[in-house]
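Colleague: I would like to go through the terms used for this model and ask what each one rests on.

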Amino acid sequence: MAAATSATALSIGSTACVGSIATSHANSKSFGVRFNSSNYLRRFSGLKAASSIDSEGDTSFLAKESCASIQKSFVSRAQKRNQRSWTYVQPQASYKVAVLGAAGGIGQPLALLVKMSPLVSALNLYDVANVKGVAADLSHCNTPSQVSNFTGDKELASCLKGVNVVVIPAGVPRKPGMTRDDLFNINASIVRSLVEAVADNCPDAFIHIISNPVNSTVPIAAEILKQKGVYDPKKLFGVTTLDVVRANTFVAQKKNLRLIDVDVPVIGGHAGITILPLLSKTKPSVTFTDEEVQELTVRIQNAGTEVVEAKAGAGSATLSMAYAAARFVESSLRAFDGDSDVYECSYVQSEVTELPFFASRIKLGREGVEAVVKSDLEGFTKYEEKALEALKPELKASIEKGINFVHKQPVAA
Ligand SMILES: NC(=O)c1ccc[n+]([C@@H]2O[C@H](COP(=O)([O-])OP(=O)(O)OC[C@H]3O[C@@H](n4cnc5c(N)ncnc54)[C@H](O)[C@@H]3O)[C@@H](O)[C@H]2O)c1
């Protein structure tokens, strides 16, 4: 495993330049839409991971490099048009993103958020149903990316060719009373066939797995990629960003902190007790009573069920999940774009415990996982130590279930 990143390297990179654009050009026209740029940029707060050191600036949807070029473009255009307060931003968009399961509850809002990224040039939407309408609708947004739709097995290869990031929310969501593991039989087969196509058509892409149970679907994807001879553990990610987003939100509410400042690493897996928020590592530093730790931990672990029950049979988290997934896409694209300060928690192949897959904070680079942030994994409280030991058997069983699923069935040629 790559070297640990020091605690001081944990700045997740807030972009002061965004704030300066926002304040110096309060009224602007971006992507050809008239709106207040300050509000626009602030509305996207959080799509970039919060900075643990330097979170004064607003987090942003924009990469640093893009930010610099946008700022330059913004300023020069604004100067040319200083008679009018409106200006126009044309950021550099050069990456291709595919969403598989794009017509679903997560897929649609996720596609919308990715469509708004200035880093994306092509957005390929694939689903077995209803994707044409989603793409037609989205294609009317005058942001830089070109939207294309694909459906059916025959079009999957074209959807994936040349893609940098593949996001997979395809599958069925939970209903009240179901665990994520209850989804295994259907979603395992879906993930298996989609990852086979990814292996055949864009083996170098980052693969973001959203379909549950993530604790098993990521090992399934790894085994498929191994069978196809294209497995790169640095490029396969289980998306656990929603657990971090929830932890940040609930801690900020509980402790009356400014939401944008809060950063809680979440490790382990993505189901029930395998979700372990490290409250002792909360930034900014804050103390919790034992009762608060217990209450917050359980709420973060069961937050998905909170939504499933509130939706009463109409599905699981979709909007917050889309937001979290868009943040992870944006982080990946910033890493592609050369930003050397990109950190996210994700469920990946790991050596931090005896388990072959484990979620923890990683540093993202052009080639995928560059390092595991080990400082998060030192100095656990007694509560965290106990919870870590308690989650291991369940996580181990889920990983084995995924691996066994693949080995019971031959991979397609
Ligand atoms: N990782 C997380 O944090 C997290 C959070 C919430 C939900 N999820 C999971 O995400 C998945 C999707 O949830 P949703 O609410 O969007 O479900 P949904 O049913 O609304 O959408 C799923 C979409 O997948 C499509 N689909 C099914 N089989 C497909 C295939 N073979 N190829 C392409 N598309 C296919 C469906 O047509 C549908 O449009 C579920 O497994 C859910 O449990 C994960």
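Modeller: One term is needed at the outset: Ala, Val, Leu, Ile, Met, Phe, Trp, Tyr, Cys and Pro count as nonpolar, Asp, Glu, Lys and Arg as charged, and the others, Gly among them, as polar. The model is a predicted one. By those classes, the shell around the ligand has 19 nonpolar, 12 polar and two charged residues.

Colleague: What makes a residue part of the shell around the ligand, and which residues are closest?

Modeller: The C-beta atom, placed from the backbone, has to lie within 6 Å of the molecule. The ligand is surrounded by 33 residues, and the closest are G101, G104, G105, I106 and N212. Two or more shell residues come from each of β5 (120-127) and α7 (184-201), and α7 gives the most, with three.

Colleague: Why is the ligand shell said to lie between domains?

Modeller: Domain 2 (95-239 + 401-407) and domain 3 (242-398) both give residues to the shell, so it lies between them.

Colleague: What makes a set of residues a nonpolar core?

Modeller: Its members are buried and joined through C-beta atoms within 7 Å. The largest nonpolar core has 106 residues, and V97, V99, L125, V166, A221 and A325 touch the most other members. Helix α12 (residues 319-336) supplies the largest share of this core, 11 residues. Domain 2 and domain 3 both contribute to this core, so it lies between them.

Colleague: Which residues is L125 in contact with, beyond its neighbours within four places in sequence?

Modeller: The C-beta cut-off for a contact is 7 Å. L125 is in contact with V99, A102, A111, V131, V134, A135, V147, S148, N149 and F150.

Technical notes: Residues are numbered from 1 along each chain as its sequence is written. This is a predicted model: local features need pLDDT of at least 70, side-chain atom pairs count only at pLDDT 80 or more; totals for chains, interfaces and linings use all residues. Helices (H or I, at least four residues) and strands (E, at least two) are DSSP runs, numbered from the N terminus. Domain bounds come from an automatic or database domain assignment. A residue is buried if 20 or more other C-beta atoms lie within 10 Å of its own, exposed if 12 or fewer, and partly exposed in between; C-beta atoms are placed from the backbone. Two residues are in contact if their C-beta atoms, placed from the backbone, lie within 7 Å.
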